Amino acid sequence: MSRYIGAIDQGTTSVRFIIFDRDGATIARAQMENRQIYPQPGWVEHDAAEIWRSTQAVISQALASAGLGARDLVAVGITNQRCTTVLWDRNGHPLHHALVWQDTRTDAQVAEMARDGGMERFRATTGLPLSTAFSAQLLRWLLNHTPNSRARIRSGELLAGTIDSWLVWNLTGQHITDVSNASLTQLMNLATLDWEPALLEVFDIPPAVLPCIVSSSAVYGTARGVLEGVPVAGILGDQQSALVGQACFQPGETKSTYGTAGVLVMNTGEHPVLSATGLMTTVAYKLGEAPARYALEGPFAVAGSLVQWLRDNLKLIRSSAEIEALAASVPDNGGVYIVPAFSGLYAPHWRFDARGIIAGLKRSPIKLVMWWRRWNRIPASPFVPCVLMVAWS
């Protein structure tokens, strides 16, 4: 008898596979970072084929480390970075890198749509303001910049979806997405839990390219390949899965988590609550045939990814784990603040044109020299003195 459950956690920064026993204890895990692709300022992409290869790799690693095989898993579920969008053909080949939710290349599209009805024009139907973050804008860009895409959709050659759809399609051949992910596309009607024809027309997205919207908890199909024979039985967007994982099942119960981004999510029960103060309204989850539960969300785009930026772009640290000791080594921030609006400002402002700033800098030459000497391995960079002063002013 199978005794374990597998969880695929495909996030913005990495992909993990975790094996749990029936008591919820972790038996094994494996993790790999996602390669971040920045073709030009404001553009953020992932290689969807690479994500699928990494997903298979971490599944194999976790099973091997526990001495288990696919037959030992009773089921597998998926949680994923939301909004990131993939366009692929039925042979399993992505036609373009996946466009990540942090990408701001669609700012002109957003501004164009806002001229006719404002930033709130779709909120009553979708619960969301206009933003570069949501899948509708990203998919529209992909279709507009992929030759013959709409003709190929009409002939049944192309599919699109968020990362959950991409993974489930590779695992089972099913083209589906759950309600929690669909609610972040800005194409789903919150009341009907289905694609809204009027929105598909506005965004010029053929319905045939989209996945079927399903419950967050059901047996969708049986996996092939590395998870051969294992039922795929759950899908939740990463923030909604954190809400469920922290047992926020009653209206008013709230979770706040910090990963690549930071998001506050509150369960609002069986009815969507539209925000008048810039929050998002989403579907929290739908378990089987039970009514959907809704949520209010307050997201900001950059949390842990700022640490990654300090490591990979400024090279101030060798590993992300170093940041905690460095932060603990000073008594306070000295009045210095960084606003890492690399992808604009999210709730409550929704300003996709905003950019990051460092404020409150003061002259602290002795401490700056100490840090410069300590970090003398850093290649000469005009940014380094600025950031070092932030740490020690």
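Me: How many salt bridges are there?
Reply: The count comes to 14 salt bridges. Keep in mind that this is a predicted model.

Me: OK, take arginine 82. Which salt bridge does the side chain of arginine 82 form with aspartate 238, and what is the N to O distance?
Reply: The side chains of arginine 82 and aspartate 238 meet at 3.6 Å, N to O. This pair links distant parts of the chain, 156 residues apart. Arginine 82 sits in the loop between β5 (73–80) and β6 (85–89), and aspartate 238 is in helix α9.

Me: And what is the N to O distance between arginine 82 and glutamate 297?
Reply: That salt bridge has an N to O distance of 2.8 Å.

Me: Is arginine 82 buried or exposed?
Reply: Arginine 82 is buried, because its relative accessible area is 8%, and buried means under 20%. Glutamate 297 is buried as well.

Me: Why does aspartate 238 count as partly exposed?
Reply: Aspartate 238 has 21% relative accessibility, so it counts as partly exposed. The buried class stops at under 20%.

Me: What else does the side chain of arginine 82 join by a polar contact?
Reply: Glutamine 240. The two side chains are joined by a polar contact of 3.0 Å. Glutamine 240 lies in helix α9 (residues 238–245).

Me: Where does glutamine 240 stand, buried or exposed?
Reply: Buried, because glutamine 240 has 0% relative accessibility. Leaving aside neighbours within four places in sequence, its contacts include Ser180, Leu184, Thr282 and Glu297.

Me: New topic. Which residue forms a salt bridge with aspartate 103?
Reply: Arginine 105. The closest N and O atoms are 2.8 Å apart. Aspartate 103 is buried, with a relative accessible area of 0%. Arginine 105 counts as buried too, at 9%.

Me: Which residues are linked in a network of salt bridges?
Reply: Glu33, Arg311 and Asp312 are linked that way.

Me: Let's go to the surface. Which residues form a nonpolar patch there?
Reply: Val339, Leu345 and Ile357 do. Together they have about 210 Å² of accessible area.

Me: Where is isoleucine 357 in the chain?
Reply: Isoleucine 357 is in strand β20 (residues 357–359).

Me: And why does isoleucine 357 count as partly exposed?
Reply: Its relative accessible area is 46%. Exposed means over 50% and buried means under 20%, so a value in between is partly exposed.

How values were computed:
Residues are numbered from 1 along each chain as its sequence is written. This is a predicted model: local features need pLDDT of at least 70, side-chain atom pairs count only at pLDDT 80 or more; totals for chains, interfaces and linings use all residues. Side-chain values use heavy atoms; hydrogens and water are left out. Patches are made of residues with over 30% relative accessible area and no salt bridge: like charges are joined within 9 Å, nonpolar side chains (Val, Leu, Ile, Met, Phe, Trp, Tyr) within 5 Å. Accessible areas come from the Shrake-Rupley method with a 1.4 Å probe; for residues, only the protein chains shown count as cover. A salt bridge is a side-chain nitrogen of Lys or Arg within 4 Å of a carboxyl oxygen of Asp or Glu. Helices (H or I, at least four residues) and strands (E, at least two) are DSSP runs, numbered from the N terminus. Buried means under 20% relative accessible area, exposed over 50%, partly exposed in between (1.4 Å probe, protein chains only). A polar contact is a pair of N or O atoms within 3.5 Å; within protein, one must be able to donate a hydrogen and the other to accept it, and residues adjacent in sequence count only if both atoms are side-chain atoms. Contact means heavy atoms within 4.5 Å.
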